[in-house]
Protein chains: 2
Amino acid sequence: MLTLSFPLLPKPHLFSHLLRRLSTTTAAAKPSMDAAEETLRRSLAARTAAVAAQATAVRDLKTAKATSADIAAAVEALNALKLDAAAAERELLAAVSGGAGDANGGAGMSREAFRQAVVNTLERRLFYIPSFKIYRGVAGFYDYGPPGCAVKSNVLAFWRQHFVLEEDMLEVDCPSVTPEIVLKASGHVDKFTDLMVKDEKTGTCYRADHLLKDFCKEKLEKDLSLPVEKVTELRHILAVLDDLSAEELGAKIKEYGITAPDTKNPLSDPYPFNLMFQTSIGPSGLSPGFMRPETAQGIFVNFKDLYYYNGNKLPFAAAQIGQAFRNEISPRQGLLRVREFTLAEIEHFVDSDDKSHPKFGNVSNLEFLMFPREKQTSGEKATKLRLGEAVEKGIVNNQTLGYFIGRVYLFLTHLGIDKDRLRFRQHLANEMAHYACDCWDAEIESSYGWIECVGIADRSAYDLHAHTEKSGVALVAHEKFSEPREVEKLVIAPVKKEIGLTFKGNQKKVVEALEAMSEKEAIEMKAALESKGEVEFQVCTLGQNVTIKSNMLSISKEKKKEHQRVFTPSVIEPSFGIGRIIYCLFEHSFYMRPSKAGDEQLNVFSFPPLVAPIKCTVFPLVQNQQYEEVAQQISKALKASGISHKIDITGTSIGKRYARTDELGVPFAITVDSTTSVTIRERDSKDQIRVSVEEVASVVKEVTDGQSTWADVQWRYPAHSSFSADE
Amino acid sequence: MLTLSFPLLPKPHLFSHLLRRLSTTTAAAKPSMDAAEETLRRSLAARTAAVAAQATAVRDLKTAKATSADIAAAVEALNALKLDAAAAERELLAAVSGGAGDANGGAGMSREAFRQAVVNTLERRLFYIPSFKIYRGVAGFYDYGPPGCAVKSNVLAFWRQHFVLEEDMLEVDCPSVTPEIVLKASGHVDKFTDLMVKDEKTGTCYRADHLLKDFCKEKLEKDLSLPVEKVTELRHILAVLDDLSAEELGAKIKEYGITAPDTKNPLSDPYPFNLMFQTSIGPSGLSPGFMRPETAQGIFVNFKDLYYYNGNKLPFAAAQIGQAFRNEISPRQGLLRVREFTLAEIEHFVDSDDKSHPKFGNVSNLEFLMFPREKQTSGEKATKLRLGEAVEKGIVNNQTLGYFIGRVYLFLTHLGIDKDRLRFRQHLANEMAHYACDCWDAEIESSYGWIECVGIADRSAYDLHAHTEKSGVALVAHEKFSEPREVEKLVIAPVKKEIGLTFKGNQKKVVEALEAMSEKEAIEMKAALESKGEVEFQVCTLGQNVTIKSNMLSISKEKKKEHQRVFTPSVIEPSFGIGRIIYCLFEHSFYMRPSKAGDEQLNVFSFPPLVAPIKCTVFPLVQNQQYEEVAQQISKALKASGISHKIDITGTSIGKRYARTDELGVPFAITVDSTTSVTIRERDSKDQIRVSVEEVASVVKEVTDGQSTWADVQWRYPAHSSFSADE
């Protein structure tokens, strides 16, 4: 399955064929048709041919007035062949629609049905809301409602703890409105585009690659009689879709007769559309600005100050959490492709001569699914690798990159991402910008396929170079040598008197041209002067050659002492699409289980306490003043401990109240059924323990803070099972 | 002092004369000249006149060839009068430049010098950075650097704790990009403007009111010979500046001959400039959008879903923290007037029939500076009032508004805002929108004067009405009656048969017009029909009068049972300008003290631990491996307790290291001077205690979490004073 382009691209790639956005799956990267599928297609074609041949045979027998016994036998053979062909068709169908079965945590539903169940629950419980709903909404914008907002702030708080605080990063917070010059330097103004086509009659806009992709996918999935050569062709297009130029895309759209999906009208040729929201700063109309497409540029332009703040020492990392904006042509995929989203980005600045990491040992024994470039091109699958081994073998370019891969793995799995549906996929050569050393995406499997949620790129010195060039401010680091080092330097010393006598009014231009010679040119000139005494020399600013004699300059090598090395640091950038991570977390946490009566399916989000929007609920078992007072007392103690919670004093049955909060992913429920002790119920096991009213807040704090597990406290307190235990 | 207009306006006021933004000081609201100043001006004028008269007398004596003794005596008298006049001038000068002396926490510097000292420290230590500095920046944009960013996230975390969690608010998170229709409904598209003038030659833009204000202020401050009448006129202009129309502003600019400040070129007439950043959503160019000027609209458009989420119950509050954008014409005042800023807004929805608040008792005994409308217009000062009394006496409109005023007071003072430089100022009638019931601003005094940092407005049902009207979706609440109530309703029942016979093809329009009558019209018609049997009736859709006879309709009053009341809730809105609060906090926390040697002034930010960007530092007293290991061990324990801290193992003197961190507002410093016990130093008192290595992290946690005060732990642990104690 292919879902091309997405809003997490770390930086616009500066070669236009690299600029279009990355694939979220490796299918695109798999150049050859899957061998098993090819066998199935060939087998189906053979069986279909056999059916046709047998049908002809039956017709021939009838024409030849053969015996009815012969005809009956032939018809029977025909039917057997038809059954055979139908079976082959089913098998192929299953293969091409790509394991639509059970990639959703064992619910046994199709991917689409599973997604619908998740999304219905999310919208009904206000985890999110299509923005501006009362005005019929606008594609690509979503609000987080109360529980979604709480999940988001929990995820961001953990990100800040896990990265900024634990790694001593320098956090910054820059505006979203960005003047043109900054994004000109970064390449976004010129290259941050998608190719668009327009319905020639209605003017409706579409992404050109999406239309071609949809056409190829539909053909491949629905047309089982497609000849193998055609299948190979369409698969090839999907594989190289990211690399197609506007002309190539246009030609394919014409060749296949692709029209506007809604109207079937003809389409315009593809042309680039810049994905940034443009605006104007100040009242003059003369200062164009854009809503930033990523937060990273705010860090790069501050490099000099941040380096100083860090005591002029490398390595160090800066981080930023903030909104980013991409004016998608036609957003699809719900929460996964939106026009405004929260990014959390880290720029780790490091000396390119030394990309080791002192804490790499802390993560080197982690083992998880990795998908190196070679496995992708050879059609293999992602396999478990030990991170230390991946770095030792050079599969991952360096320790620092490896360290961040490990930290990202820990971050995501702590949030509740299923480690078996998380893989780190290395970019193929054609996906990476030319300046990048290595790039790995953390991809999470969801009902939309494998989705890139974090990009971890070694971007070399590209960004700091670009801003140094455009701003004229040197964004460099200094390495002071413990003792001065001797270096050999070429010195070109024109003898101004001689040059002046010869060239008069042109003397300045000649001197400048001589001083501007490269080392190679100078050495050649030195040799020529030594052998011939004079040499022809082109002075561009004069537009003519002049004759340089050996008395006009000296060229020599001199040894100099240097006290420091000045260089542009490399940057390693982990960039997190927070909204995508949260959406995948919703899918990985969702499951359904039957109600006690068995008459309905109840929804549960199995969020870990770290992420859960509300940590606990407090229910008086029945409506009664005494119980309500105890509930209020417990609520007060929870508030004092900083535990977010809700009281529900409605007369609804306890089972219904549990079900309501299970659907919000609340991990613990306190039920008040006496004035001295209460029960705590754990959401997923539905197990209950009995705890005194005085202790309950501190027990809940223990299990939600992560100091103890549910098993720990279960061991300590008596189990409870009663009529009220469940639905 | 006047600082007109600012970006915290809760909502655009829909009368254009109310739309321009609010004053940040009450000076504008003070209609008459200060009595003391008037006396001083009159006294100066009298003395200046006396000097002139005496000078004439001296000249006359000389002309008359008087004796040199007489002339000398007259000259002596002249000199005495001159000294007298000069003294009066100084006195007046001090009065008009408004207490420039010592409003900065006792540093004894001028406001400008104090501000410069704060801002220098803030910029040097990277609390904030002018954005895009390497590209020479863009006015009105600032980055928060690492310590600023930490302060900001501490302030926001406390806001979330203090309001969202403690008050069970529903937090939402909506996009900044907003389609036009939403801001059309709210009034921003049409009315969210400032009046602008252009330099007629260069095209440079200025805010018209700023130019007029600057002119008046400068005249008042610098021209001490201004006649009292002129002073009164200029003061009047300052007082009504917010109410001046474009025409009136233009006329005054012409009358006073005000020109462009930079070039002295003539200025255009004032015209409105919309302050929203405009953009375009999607590729078609047909969907205009804006960057939201406030976060509140995102809450209003979600009212229906949020009300449902709250179990269809009132009151409830929704909250949002997020970026807002205002394309200021010419931003001034540094961090106080920026083009992109963080707002934290609460919309508390309440039944307008009952604005009591169950928790008002928790805050009713708070006493702080309040500045009711009447005090402002009578020229009095803000005075301390008990909040309960202010509500009882009707000074504050209702309990809910009062409750939020109290909560805002607690929030700001907990952050470290000086309660003596915080006041709650009620809006004057001409400042409030026509629909608002009451509005109070939390104003904080800074070197720029009194700055509005929080607006707390009772906005009645205005916003929900506006969106109901525009979207057609009823944003209403329902009050279910415990038992049905009987209400009398007027029923208009046209007799369609009779009407059809008479009006044929026009029957439908007649019926519709009859049904659309107001209650008053219907009662009049009923009376007319009863007395005369027929009546002339205008049917607008037909453009003519028709004759209605009594057999054509019945009009009667009927009693109906109603089960619920449907109404539009009122909203009370506390709206926080987070950047302004933080800037004022910087000023209130800043002080200077001499170094130990007395040779320099050291800067300190006295942030409470809650706000401090880093809670503690760890210093090995001298560079030595053992001490460094202990420092690392302590660092690990601090990290485990979630306490943000920094290790400084440089060989710099301990005094310098303390000074560095005092300047960042770090409240505690741990100095490792043995391997078993260490010292903890408190920033402001510089007192130290000695604590064992094992205990130190938990002691620091105690004092930074607010479980204990420094005094508590000082009582528990031995004091330490040694050679290393300080600078």
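Predicted model: local features only at pLDDT ≥ 70, side-chain atom pairs only at ≥ 80, totals over all residues.
1. Residues are numbered from 1 along each chain as its sequence is written, chains are lettered from A in the order written, and side-chain values use heavy atoms, leaving out hydrogens and water.

2. Chain A on its own: its C-alpha atoms fill a box of roughly 110 × 95 × 55 Å along the principal axes. I count 24 helices and 28 strands, taken as DSSP runs (H or I, at least four residues; E, at least two). Of its 727 residues, 55% are buried, meaning under 20% relative accessible area with a 1.4 Å probe, protein chains only.

3. Contacts in chain A (heavy atoms within 4.5 Å): looking at separations of 6 or more, 69% of them join residues 24 or more positions apart.

4. On to the interface: 70 residues of chain A contact 70 residues of chain B. About 6000 Å² is buried between the two chains, 64% of it from carbon and sulfur atoms; that's accessible area (1.4 Å probe) lost on being put together, summed over both parts.

5. There are 6 salt bridges between chain A and chain B (Lys or Arg side-chain nitrogen within 4 Å of an Asp or Glu carboxyl oxygen). Lys152(A) and Asp173(B) form a salt bridge at 2.5 Å, N to O. Helix H5 of chain A (residues 146-165) gives the largest share of chain A's side, 8 residues.

Definitions and conventions:
Buried < 20%, exposed > 50% of the residue type's maximum accessible area, 1.4 Å probe, protein only.
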